[in-house]
Amino acid sequence: MERSAKALLVYERLLGAYGEPEIKEQRDPLDELILTILSQNTSDLNSGRAFQQLVERFPTWEQALAAGPDAIAAAITVGGLANVKAPRIHAILQKLAREQGELSLALLAPMPVDQAREYLLALPGVGPKTAACVLLFSLHKPAMPVDTHVHRVAQRLGLVKQHDSAEESHALLEALLPHHLYYSFHLNVIRHGRQVCAARRPKCEVCPLADICDDLAERNRRPTP
């Protein structure tokens, strides 16, 4: 099956299985950026707690900037990797203050998506997935975040190749679908990756995509020992 047609079929079947995802809270883009950094390599629950503790400790980002990375790290310990994430957050705030004179990403709103993505990727510690989350969830611009779940499911289905990295897969998946489907596709694929297409023990017997899964077809072709 041609990959664009398969991507549309995946979208339709997951929509039938899980329904239309709830629209997430639209946060200020700088808030969304910092929350996304906190979400790296941890659960949504812990990253949410870390963000809440951070904003309670520093009601403004100006206060967080003035306090420094050690104080930021102390506030976000519950989220994990605080000594990695805190310097990134502080470096972003420093750069915005230096280049704009204010701690805001409001300038991204009127930008074309490619220009806004380029700006985000130039910030310290911001990769394609983090940039895409800010673009999609905060700015409602067409971007496809590719986390570990999306990457794994896309590879197993054959929407991207096995050697395509998660970073490369952002553009590859975006090219397969109309812009207005990115939001639902992204969230439903994540849900599917968590509930059915797990990394170690995928539940292929209940998967609504089993008949179009390249990985399952390949495993079924292998001779039985």
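Predicted model: local features only at pLDDT ≥ 70, side-chain atom pairs only at ≥ 80, totals over all residues.
Local features need pLDDT of at least 70 and side-chain atom pairs count only at pLDDT 80 or more, while totals for chains, interfaces and linings use all residues. Residues are numbered from 1 along each chain as its sequence is written, and side-chain values use heavy atoms, with hydrogens and water left out.

Q: Why are helix 2 and helix 8 called oblique to each other?
A: The axes of helix 2 (residues 29-39) and helix 8 (residues 128-138) come within 9 Å and cross at roughly 140 degrees. Angles under 35 degrees count as roughly parallel, over 145 as roughly antiparallel, 65 to 115 as roughly perpendicular and the rest as oblique, and the two helices are therefore oblique to each other.

Q: What makes the contact between helix 2 and helix 8, and how do its residues divide?
A: With contact taken as heavy atoms within 4.5 Å, helix 2 contributes Pro29, Glu32, Leu33, Thr36, Ile37 and Ser39, and helix 8 contributes Lys129, Thr130, Cys133, Val134, Phe137 and Ser138. These residues divide into six nonpolar, four polar and two charged, where Ala, Val, Leu, Ile, Met, Phe, Trp, Tyr, Cys and Pro count as nonpolar, Asp, Glu, Lys and Arg as charged, and the others, Gly among them, as polar.

Q: Why is the pair of Phe51 and Trp61 called tilted?
A: Aromatic rings (of Phe, Tyr and Trp, the last by its six-membered ring) pair if their centres lie within 6.5 Å, and planes under 30 degrees apart count as stacked, over 60 as edge-to-face and the rest as tilted. The rings of Phe51 and Trp61 are 6.3 Å apart centre to centre, with 55 degrees between the planes, and the pair is tilted.

Q: What makes the pair of Phe137 and Tyr183 edge-to-face?
A: The ring centres of Phe137 and Tyr183 are 5.5 Å apart and their planes stand at 85 degrees, so the pair is edge-to-face. Phe137 lies in helix 8 and Tyr183 in helix 11 (residues 182-195), so the pair ties together parts that are 46 residues apart in sequence.

Q: How do you know whether Phe137 and Tyr183 are buried or exposed?
A: Buried means under 20% relative accessible area, exposed over 50%, and partly exposed in between (1.4 Å probe, protein chains only). Phe137 has a relative accessible area of 4% and is buried, and Tyr183, at 12%, is buried.

Terms used
Axes fitted to C-alpha atoms, helices over the stretch in contact; angles between N-to-C directions. Helix = DSSP H or I, 4+ residues; strand = E, 2+ residues; numbered from the N terminus.
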